[in-house]
Amino acid sequence: MKSIMSMDYEELKSEITEKLGWERYRADQIANWIYDKHVLDFSEMTNLSKEYRRILGENYYVDKLELVDKQVSKIDGTTKYLWKLNDGNTIESVLIFYPNRISACISTQVGCPVGCKFCATGMSGFMRNLSAGEIVSQIIHMEKEARIRIGNVVYMGMGEPFLNYDNVIKSLKIVNHPKMIGIGIRHITVSTVGIPGKIVSFAEDGMNARLAISLHAAYNHKRDFLVPLNVKYPIEEIIQAAREYQKITKNRVSVEYIMIKEFNDYDSDAEKLAEVLKGLKVFVNLIPVNPVVRDFRRPSRGRIEAFKRILERHGIEVEVRVEKGTDIDAACGQLRIRSGKLRRAFK
Ligand code: SAH
Ligand code: SF4
């Protein structure tokens with residue numbers, strides 16, 4: 001059995017014409033059922049003959065997700081989903097409502113092997129990579145469940161996208177293709193903890209999605225503590241890769257910086273950050289830490305503003321991320337940890 005949602009458009013087309021020997025437009029029909037109409041059972045694809053539907057059902061499957069838990073923010077409608085995969089593992093996705101668009105935050109792995117100190121996903125361990133089908137399926141299931149259309153996708157859920165590089169690239173093609181999900185490439189953002197080789201590959205592979213790099217610290221000794229992978233790929237190497245990325249794509253890079261009180265929020269941190277980012281076309285997002293770990297607290301509003309002004313003085317564009325769904329712990333990984341079954345599974 002093969003996963004039909006793990007095929008990009010070219011693969012689906014050749015599967016239908018070469019493997020099955022059917023007409024080319026059958027691939028479009030199937031893509032339309034799944035990605036546009038959200039019909040996930042071959043038996044309901046009524047413009048295909050019964051015989052075709054039977055053949056599909058015998059040889060292929062659709063990556064269905066079972067809804068285990070859902071939380072809706074009373075403040076802003078942010079909706080967090082906990083899904084069960086075919087093998088019983090669970091992952092999270094989040095829908096975020098903005099005035100003019102709906103954004104989806106999706107996962108790329110079950111857990112995450114990077115183990116960042118502030119991150120609920122990182123603390124829950126690592127099980128496995130998601131297939132391309134399991135990645136895109138989150139979008140389809142949220143659209144179906146909430147009866148909406150998603151206009152923006154951010155790969156900022158559970159997992160490190162660049163440690164599941166091939167499946168993530170495949171999923172991007174499916175999210176972007178006009179005959180599949182059809183979301184414009186500039187409306188898709190991939191967030192990475194910073195794996196230099198993959199940042200460069202991303203540019204070389206012609207992936208024109210937006211790139212966000214989770215820096216969180218400008219000094220290596222601080223970043224080593226927060227992001228254990230920094231010991232292997234220190235800040236200079238990540239920034240160098242970002243420069244190469246920018247040379248190829250000409251795209252501005254987003255830099256994510258989680259602000260932790262009395263750890264990385266000093267004036268000296270801001271000055272150092274400006275120095276590290278010099279010459280790079282960036283947009284910095286300052287994110288007050290979500291206190292998953294009790295030791296990490298948020299800086300005061302005034303401290304964050306002071307930090308921001310220092311960056312601005314250096315000509316860096318910067319914004320404090322508007323928080324969404326604070327009442328439902330919208331930072332990915334938290335719902336999963338709270339669900340009792342999982343808490344036991346990870347003990
Ligand atoms: N692994 C990738 C993508 C998923 S994590 C990466 O690290 O970039 C994506 C984002 O989740 C991080 O950049 C961070 O912004 C956010 N995040 C994780 N834990 C958080 C916390 N405790 N508070 C605020 N944001 C958090
Ligand atoms: Fe993994 Fe990103 Fe969480 Fe770090 S922040 S543990 S890289 S998901």
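Buried area is the accessible area that two parts lose on being put together, summed over both. The model shown in these views is predicted.

View 1. Domain 1 gives 16 residues to the contact, and domain 2 gives 18.

**View 2. Domain 1 and domain 2 bury about 1,500 Å² between them.** Carbon and sulfur atoms account for 62% of this area. On the side of domain 1, look for Met5, Tyr35 and His38. These residues lose the most area to domain 2. Together they make up 43% of what the domain 1 side buries.

**View 3. Asp36 and Arg149 form a salt bridge.** Their closest N and O atoms are 3.4 Å apart. Three salt bridges are found across the interface of the two domains. Seven residue pairs are in polar contact across this interface, with both residues at pLDDT 80 or more.

**View 4. Helices α1 and α2 each give two or more residues to the side of domain 1 that touches domain 2.** Helix α1 spans residues 9–19, and helix α2 spans residues 25–36. The largest share comes from α2, with five residues. By class, this side of domain 1 has nine nonpolar residues, three polar and four charged.

Definitions and conventions:
Residues numbered from 1 in each chain as written. Chains lettered and ligands numbered in written order. Predicted model: local features only at pLDDT ≥ 70, side-chain atom pairs only at ≥ 80, totals over all residues. Heavy atoms only, no water. Contact = heavy atoms within 4.5 Å. Buried area = accessible area lost by both parts, 1.4 Å probe. Salt bridge = Lys/Arg side-chain N within 4 Å of Asp/Glu carboxyl O. Polar contact = N/O pair within 3.5 Å; in protein donor to acceptor, adjacent residues only side chain to side chain. Helix = DSSP H or I, 4+ residues; strand = E, 2+ residues; numbered from the N terminus. Nonpolar A, V, L, I, M, F, W, Y, C, P; charged D, E, K, R; others polar.
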